[in-house]
Amino acid sequence: MSLENHLALAAMCNGHGNVDLMTCLIKALYLTYFMRDAVQDSDDLALLREAEAALERSVTRVENLQKWSVAEDDRAVVEQTLALYDRQLASAPAHRHMDASDRLADFFNSDMRSPIATGGVANRIA
């Protein structure tokens, strides 16, 4: 999973993105959010909000007929989020990831715009 997420970001940053790669990044973001209490240093809600805003800007660019991409200015915050998710995957028990995956599925089947309090991109591209 980690490799898939990092390759998705690399492709998006190099102008080779698409909706599937963006969905991969959004899933990683929201799984990180749902697992934020699984790792002691992972309750960084500000980071997750920044990453969500970065992905929102990417979707907005596509809506304005630009390529699927993550801007260079947004890359670092998405990388930090993926690194946090990597730490969560490495240290949390498997059942925590399964619980987070169930919560993600519930979210995608809901009318919520974002599980993070600031709103988000998931329902716009799912």
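I began with Asn5 and found its place in helix 1, where helices (H or I, at least four residues) are DSSP runs numbered from the N terminus. The model is a predicted one, in which local features need pLDDT of at least 70 and side-chain atom pairs count only at pLDDT 80 or more, while totals for chains, interfaces and linings use all residues. Residues are numbered from 1 along each chain as its sequence is written, and side-chain values use heavy atoms, with hydrogens and water left out.

Is Asn5 buried or exposed? Asn5 counts as buried because its relative accessibility is 5%, buried meaning under 20% relative accessible area, with a 1.4 Å probe and protein chains only. Setting aside neighbours within four places in sequence, I listed Cys24, Leu25, Ala28, Leu82 and Tyr85 as the contacts of Asn5, contact meaning heavy atoms within 4.5 Å.

Next I looked up how helix 1 (residues 2-13) lies against helix 4 (residues 72-91), and noted that their axes come within 10 Å and cross at roughly 175°. Helix 1 is therefore roughly antiparallel to helix 4, a term for angles over 145 degrees; the axes are lines fitted to C-alpha atoms over the stretch in contact, and angles run from 0 to 180 degrees between N-to-C directions. From helix 1, Ser2, Asn5, His6, Leu9, Ala10 and Cys13 meet Arg75, Val78, Glu79, Leu82, Tyr85 and Asp86 of helix 4.

Last, I turned to Leu21, which lies in helix 2 (residues 19-34). Apart from neighbours within four places in sequence, Leu21 is in contact with Ala8, Ala11, Met12 and His16. I also noted that Leu21 and Ser69, 48 residues apart in sequence, are 9.5 Å apart in space, C-alpha to C-alpha.

How values were computed: Helix = DSSP H or I, 4+ residues; strand = E, 2+ residues; numbered from the N terminus. Parallel < 35°, antiparallel > 145°, perpendicular 65-115°, else oblique. Buried < 20%, exposed > 50% of the residue type's maximum accessible area, 1.4 Å probe, protein only.
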